[in-house]
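Please prepare a short briefing on the structure shown below, with the definitions behind each computed value stated alongside it.

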Amino acid sequence: MNRKQIAIYLPILIAVSVIVGIVLGNSLSRIQTPALQNFSPPKVNKLSAIVDLINHAYVDSVETDELVEKTIPELLKNLDPHTAYIPARDMQEVHEEMQGNFGGIGVQFSIHNDTVQVVDVVSGGPSYKLGILPGDRIVTVNDSVIAGVDVENEDVLSILRGEKGTIVKVGIKRKGIADLILYEITRGDIPIYSIDVSYMIDETTGFVKVNRFAEKTYDEFINAISKLNKAGAEKFIVDLRGNPGGYLMAVVSMVNEFLPEGNLIVYTEGNSQPRKTYSATKSGIALDKDVIVLIDEYSASASEIFAGAIQDNDRGIVVGRRSFGKGLVQEQIPFNDGSALRLTVARYYTPSGRSIQKSYVDGNMSYYHDIIDRAEHGEFQVADSIQFADSLKYETAHGRIVYGGGGIMPDYFVPADTAGYSAYYSKITQKALVYHFAFEYTDENRDQLSGFGTANELADYLNQQDILRQFVAYANKEGVKEDAKGLATSGKIIETQVKAYIARNMIGEEGFFPIIREIDETLKEAIRLSNSKKQFSQLIAVTK
């Protein structure tokens, strides 16, 4: 990657790295060990003594509870990057993320020009049952105006979400109707799905996109695989790119469906924890199916367990770029005030004995900056830029060489596609213009677009609408001037993204993913391998 490409690509990379750093804290084992179950803190230690002294002898009055809340995170910074303190105020969000549901009204929204726009409505949810529609604008909530007041996403979420059974009043502006439509919505359980999409890429290849590993992920995965089996799938592409991980038992159960009984999936071990192994226990529903796993630099934790188990057992092919390198096991210990400590207690190891965890000896800042260092070093472009010491060499079940030292190195490397990046593309991305244009186009043409039920039908129609030219005019109006050179470089990416987002607005993820794959080089490589005339055993042997 040259300096010009890095300058364009780096802001996006940094933003995603920060988000991943936050989300990775949600990866944990969920199986509390006897050592922690029986643990009771000592009655007296230096820290508690200091707090007592401040309470009884300090010159001024001090809220020591608040002082402790601020001190705990600083204390934990001296351990590893994933040991974390979760304040009581954040626990509900953490539980919702991992349990797979939250209390809300069931709409997906975006904010543009200080207006909350309903992008989609959860089928069967509270808003769906009352007749709220995609394209509606939410103007008031509980008699307070939220339009035109510089409202933020977090503000809207805080007032629309709430405990199941509670009521929220919203005022809706709908195109063609002069007056506000008032709704009284009883909040319900809104699912957070782990499977973005599952569909047949061709007559024999099923595709499953997994975005997290939560309590209900395994059930969703089984339903997806079963659906694709019925559709004639002979092989699967499991996409774990950008997946930050989650519950250990969710991924163990999923890998179990691909491995023969007795095959090792993963093991954990720590200073105070003896080795614990997890092996395949039954005949899975995909034992006779070839599998390709997609990973990238943001695939972490449980994603790496999945990829490592498939790779080390020579069960399938891993395609993409080296994964994040998060292989620490956390246990969550609750406190009486509703807060919790997420403590690292062990490491994950793949079946060949590789530690997934990358080094963190240089501190948290360096740890999370590692991905940016990889980009600057050229790792996202050239596989040979990654050098492993012989001491990190391991062997798979069939004798292939793989390496430890952090993360999973794919069998087939696919460089990050930066050829289509330009200054023009960077500007429209920073303003989210593709997303906003797609919504406005969908909103203005909803009646016409509703006649198409598949991604292919929508794409065929949009191909006749000179959609890129319409977008360029929109971007110009939004302050990004037309750039012929930038369009020559990035036009294909922009046009494909616009069509994919329009399709998502109309028919969901089964509209988005089949279109966006036109510019997805990693998926295209996986499809090429899937359709190769070589046997999978030959494709795997090539990587020796």
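The secondary structure of the protein comprises 20 helices and 21 strands, where helices (H or I, at least four residues) and strands (E, at least two) are DSSP runs numbered from the N terminus. The radius of gyration is 25 Å, close to the 24 Å that the globule rule gives for 544 residues, so the protein is as compact as a globular protein of that length; the radius is taken over C-alpha atoms, and the rule is 2.2 Å times the number of residues to the power 0.38. This is a predicted model, in which local features need pLDDT of at least 70, side-chain atom pairs count only at pLDDT 80 or more, and totals for chains, interfaces and linings use all residues. Residues are numbered from 1 along each chain as its sequence is written, and side-chain values use heavy atoms, with hydrogens and water left out.

**Overall fold**
- Along its principal axes, the C-alpha trace spans about 75 × 70 × 50 Å.
- Buried residues (under 20% relative accessible area, 1.4 Å probe, protein chains only) make up 51% of the 544 residues.
- Of the contacts (heavy atoms within 4.5 Å) with a separation of 6 or more, 71% are between residues 24 or more positions apart.

**Annotated region**
- The unreviewed UniProt entry places the feature "domain: PDZ" at residues 91-161, although such annotations may be inferred rather than shown by experiment.
- Over residues 91-161 the chain is 31% helix and 34% strand, with the end C-alpha atoms 15 Å apart.

**Asn256**
- Asn256 is found in helix α9, which covers residues 248-256, and is buried, with a relative accessible area of 8%.
- Leaving aside neighbours within four places in sequence, Asn256 is in contact with Ile265, Ala280, Thr281, Lys282 and Gly284.

Terms used
Buried < 20%, exposed > 50% of the residue type's maximum accessible area, 1.4 Å probe, protein only.
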